[in-house]
Amino acid sequence: MNSTNESTNSGPVSGLLAWAEVQEHYDRVRESHLRELFADDPARVERMTLDVVGIHADLSKHRIDEASLSSLIELAEQRDLRTRIDEMFTGVHINTTENRAVLHTALRLPRGESLIVDGVDVAAQVHAVLDQMGSFADRVRSGEWTGSTGKPIRAVVNIGIGGSDLGPVMAYRALRHVSKRDVQFRFVSNIDGTDIVESTHDLDAAETLFIVSSKTFTTQETITNAESARSWLLAQLGSDADVAKHFVAVSTNADAVQSFGIDTKNMFGFWDWVGGRYSMDSAIGLSLMLAVGPDAFEDMLAGFHAMDEHFRYADFDGNLPVLMGLLGVWYRDFFNYQTQVVLPYEQYLDRFPAYLQQLTMESNGKSVTHDGTPVGVDTSAIWWGEPGTNGQHSFYQLLHQGTSISPADFIMFVQPVNDIGDHHDKLIANVLAQANVMAFGRNDDELRAAGTAEDLVEHKVMPGDRPSTTLMLDRLTPYALGTLISLYEHVVFTQGVIWGVDSFDQWGVELGKAMAGQLLPALSADDVPDLSGFDSSTAHLAMRYRQLRGR
């Protein structure tokens, strides 16, 4: 299928009429405090809350009114967001720099649906791999699959990096409460040898299964760790033939997989239309399926698909990913807020902010549009965060009284996974209170009325007027996790369309990797290397390193 028509989404967005209109609305509302916006609009909460596939979203605590939000929606219309959504879902090659379709949404199409892209039914391919994964997961979980000595698997170690690590480890930690508890699950990504050593030091090789996740089976970090894992295994078990019972691969390079010693029958494939950071619901999620089982994995896919359908078909004024994406543009480009904080009040989501860092910043951390012209406006915010209530004793001081304002996403669940005493009520009291204080604060008159000593009044003033979204879900289930991940995927897509960038390439990752490959021989060579091709600082540090390593 041909590439998308770039004329609908290329060039600086600031040249659109709607951009100037949004600017006018910003100039009008920027001095209005959230207290005023609530006071002037008694129906504000009712109009600015949505219920979408199990998520109750409160957008009322944003520094925006109905007219300015309408101007943002008009901006999305002028940027032809609806067409771009349709193009993504139908397989148009919207990843223009790599001439690829972008079809992570096809990974969660229900069984029996068909999607023909470039003459191939990709939905059928997806379900063939899911069936292969499910069969393998059932064998491992039941004990039918054993290691080379006949022992069942009691530890699974996923070896990957980037999208082959952050997604699986985040989802596993989120769903540990439904995982197979008599099996340990560990995740290795860092090329620092400490990662693989600490992940294997207390394991029994006879009961350990490694999943090596690398599309090309050449990723430096992943293959280095895989080779070390192989050496560790053989040191305990002794025979090359044992590798095939303790290693499987998520890859498309059958020759390299076979050369490593893995039976290609235990190689799980995926496609170039799935970017790494969008791949955790593909075969990259094999470790998760081993942990939670095929049925729970399918429930998660159903949550993804439900949000996909909402994003694809809902009108923009009631479309949660679109509205959240537009609010992100509003703050990044008009208020000049540089960061976005994600605050899940659920300990199982402790890696969710890190996952969103990659999803958002690798996708939209771009400075040129599809046609290579300067984007002309600020793009991706810096995303960060920590679970509540831990963050309250770490960085909330800055959120409430600092000179930098960071819009916040609060994520909360009505039903606790672990219902112990009054823990959950206290947790929810905290999330509601923090969102309240961010929005409304406390002024000097209120402090004086409360009896605050005059010399402390200015120190205790909370300015408020700091925007946030609150997402309330019933319980953290596989389905709920799927809806949340899909929600943020489409927030990122919406913003990428507005800015006119290719959200699905990542050329900024490549140069550093290539240069590391050039430096490696110089660091490890026996002879004094020629470093004349490098700057003086890099050459100095490399020689200093060699000296201290005794080379």
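Predicted model: local features only at pLDDT ≥ 70, side-chain atom pairs only at ≥ 80, totals over all residues.
Biologist: What makes the approach of Arg 108 to Asp 308 a polar contact?

Modeller: A polar contact needs a pair of N or O atoms within 3.5 Å, one able to donate a hydrogen and the other to accept it, and the side chains of Arg 108 and Asp 308 are joined by such a contact at 2.7 Å. The side chain of Arg 108 also makes a polar contact of 2.6 Å with the side chain of Glu 489.

Biologist: How do you know that the span of helix α6 agrees with what its residues should give?

Modeller: The expected span is 1.5 Å times one less than the number of residues, and for the 21 residues of α6 (residues 122-142) this comes to 30 Å; because the end C-alpha atoms are 30 Å apart, the two agree.

Biologist: Which residues of α6 are buried?

Modeller: The buried residues of α6 include Val 122, Val 126, Val 129, Leu 130, Met 133, Phe 136, Ala 137 and Val 140. An α-helix has 3.6 residues a turn, so residues three or four places apart point the same way.

Biologist: Turning to the strands, why are β1 and β2 said to pair?

Modeller: Two strands pair if there are at least two bridges between them, and β1 (residues 49-52) is joined to β2 (residues 55-58) by four bridges, the strands running antiparallel; therefore the term applies.

Biologist: Which other strand pairs with β2, and in which sense?

Modeller: Strand β13 (residues 468-473) pairs with β2 in the antiparallel sense over four bridges, and Ile 55 stands opposite Leu 473 in β13.

Biologist: What makes β6 and β9 edge strands?

Modeller: Five strands form an open sheet in the order β6-β5-β7-β8-β9, with parallel pairing, and β6 (184-188) and β9 (267-268) are its edge strands, each pairing on one side only. For β6, the partner β5 (residues 155-159) is joined by five parallel bridges, and Ala 155 lies opposite Gln 184 in β6.

Biologist: How do you know where empty space is left in a structure?

Modeller: Rolling a probe the size of a water molecule over the atoms shows where empty space is left. In this model the search of the whole structure finds four cavities of 30 Å³ or more.

Biologist: Why is a space called a cavity and not a pocket?

Modeller: The largest cavity holds about 190 Å³, and among its 18 lining residues Met 324, Gly 328, Gln 340, Trp 383 and Gln 495 lie nearest its centre. Helix α14 gives the most to this lining, with five residues. The second largest cavity has a volume of about 50 Å³, and its lining includes Arg 84, His 370 and Asp 502.

Biologist: What volume does the largest pocket have, and which residues lie closest to its centre?

Modeller: The largest pocket contains about 1,100 Å³ of space, and of its 41 lining residues the closest to the centre are Thr 219, Gly 276, Gln 506, Glu 510 and Lys 513. Helix α21 provides the largest share of this lining, five residues, and by class the lining divides into 13 nonpolar, 19 polar and nine charged residues.

Notes: Residues numbered from 1 in each chain as written. Heavy atoms only, no water. 1 Å grid on protein atoms, 1.4 Å probe; cavity = no way out; pocket = protein on both sides within 12 Å on 5 of 7 lines; lining within 4 Å. Points joined across faces, edges and corners; volume = space filled by probe spheres on them. Helix = DSSP H or I, 4+ residues; strand = E, 2+ residues; numbered from the N terminus. Nonpolar A, V, L, I, M, F, W, Y, C, P; charged D, E, K, R; others polar. Buried < 20%, exposed > 50% of the residue type's maximum accessible area, 1.4 Å probe, protein only.
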